[in-house]
Amino acid sequence: CPESHVIIDLDSSHAALTKNVTQPRKANAAFVILARNQDLSGVLDSIQQNEDRFNKKFGYPYVFLNDEPFEPDFIKYTSEVISTTAEYGVIPHDHWHQPKWINEDRATAGRQKLEAQDVMYAESVPYRNMCRFNSGFFFRHELLKKYDYYWRIEPDIKFFCDLDFDPFLFMQDNKKVYAFTIALHEYVETIETLWNTTKEFIQKYPQHIPKGNALRFLSEDGGATYNGCHFWSNFEIADLNFWRSPAYMAYFEYLDQAGGFYYERWGDAPVHSIGAALLARPDQIHFFNEIGYRHSPWTHCPPGETHKKGKCSCDPKDNFDRIDWSCLKDFEASFA
Ligand code: GDP
Ligand code: MN
């Protein structure tokens, strides 16, 4: 009858109202962790700190990705530490492995050249697969399709401070596309032709390069040379739709065709950083000072009031921000 109908309506609208009041606003976001099964203990260490310092209050889900299936123990022990939900995905073969069109002789020669220069991971093909995957594929993975923002977490990192705000909502509300905690110079041996390839891209696709971008972060001479500055991508909070945009996809495709992920050892850090600084404005890129963070060998430890507020467990003397090798000053200069 009509009367009971009215009562039911009132009830459900009341329930909806209560839900809105008690449930804080959230972004459509997840933590993303690329890992091998043998990374379990380092992953547990990282996510336990993430839960304690941030996520037990904010409640975001996790996505784990691997080029091989995760073992039952990996799933069991990680999900025991996580206060929310987690999904575990396998990476499609072609998103991970060296493409057929890479000339293997040239790739072998490239690895040997870096080995002779004593460069880290010089001879590793899996490392190159990882860098290429992080540069151009993770944001297209089936499990990430439903999300707008991600926070990348690696094994064996440290989170030093309590966070009393939601960085994902900060990104969304302030229209940020990329955020970092540490910015530094790259060893240029690994990216010998990356800047020239980028300059070719700029010449061929001027329509993708917005006016007022953050080019100054990358170059002190208007783009003639690359200063090696990059955001350290083992920590990232960013907008997945920025990587999925036609501009960034065109940039990644251009780099991929040039083959430098295998002929050299292009890292996802310089690739993401050049992508972000070239295709976004400085005000769309954010430095999260509040997030105390360490990935060996560098630490961002917020000094002063921020340290106190976050009850940070790091020594502010270890802070990377103002040492010579840091590129925070170049980021700040890009606003000028
Ligand atoms: P580094 O920080 O540059 O020294 O490189 P890492 O060894 O920390 O690797 C970066 C990220 O990729 C970490 O999250 C690793 O767990 C992950 N990773 C590296 N190599 C592989 C691999 O071969 N397979 C998988 N599934 N993950 C990898
Ligand atoms: Mn690492």
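1. Helix α10, which covers residues 246–258, has 13 residues that at 1.5 Å a residue should span 18 Å, and the separation of its end C-alpha atoms, also 18 Å, agrees with this. It should be kept in mind here and below that the model is a predicted one.

2. Which residues of α10 are buried? They are Tyr-248, Tyr-251, Leu-255 and Asp-256, and because they cover an arc of only 130° around the axis, they lie on the same side of α10. An α-helix has 3.6 residues a turn, so residues three or four places apart point the same way. On the other side of α10, the exposed residues are Pro-246, Glu-253 and Gln-257.

3. One of the sheets is open and has 7 strands, in the order β3-β2-β1-β4-β9-β6-β10, and its pairing is mixed. Its edges are formed by β3 (86–90) and β10 (285–287), and since each has a single partner strand, one side of each is left without a neighbour in the sheet. On average, and with direction ignored, neighbouring strands of this sheet are turned by 20° against each other.

4. Within that sheet, strand β2 (residues 62–66) runs parallel to β3 and is joined to it by 5 bridges; Leu-65 can be found opposite Gly-89 in β3.

5. An open sheet of 3 strands, ordered β5-β11-β12, has antiparallel pairing. Its edge strands, β5 (158–159) and β12 (298–300), each pair on one side only. Strand β11 (residues 293–295) is joined to β12 by 3 bridges, the two running antiparallel, and Arg-294 stands opposite Thr-299 in β12.

6. Around ligand 1 the model places Leu-34, Ala-35, Arg-36, Asp-39, Asn-66, Asp-67, Pro-126, Met-130, Glu-154, Pro-155 and Asn-234.

Notes
Residues numbered from 1 in each chain as written. Chains lettered and ligands numbered in written order. Predicted model: local features only at pLDDT ≥ 70, side-chain atom pairs only at ≥ 80, totals over all residues. Near = placed C-beta within 6 Å. Pairing = 2+ DSSP bridges. Helix = DSSP H or I, 4+ residues; strand = E, 2+ residues; numbered from the N terminus. Axes fitted to C-alpha atoms, helices over the stretch in contact; angles between N-to-C directions. Expected span 1.5 Å × (residues − 1). Buried ≥ 20, exposed ≤ 12 C-beta atoms within 10 Å, placed from the backbone. Arc of directions from axis to C-beta.
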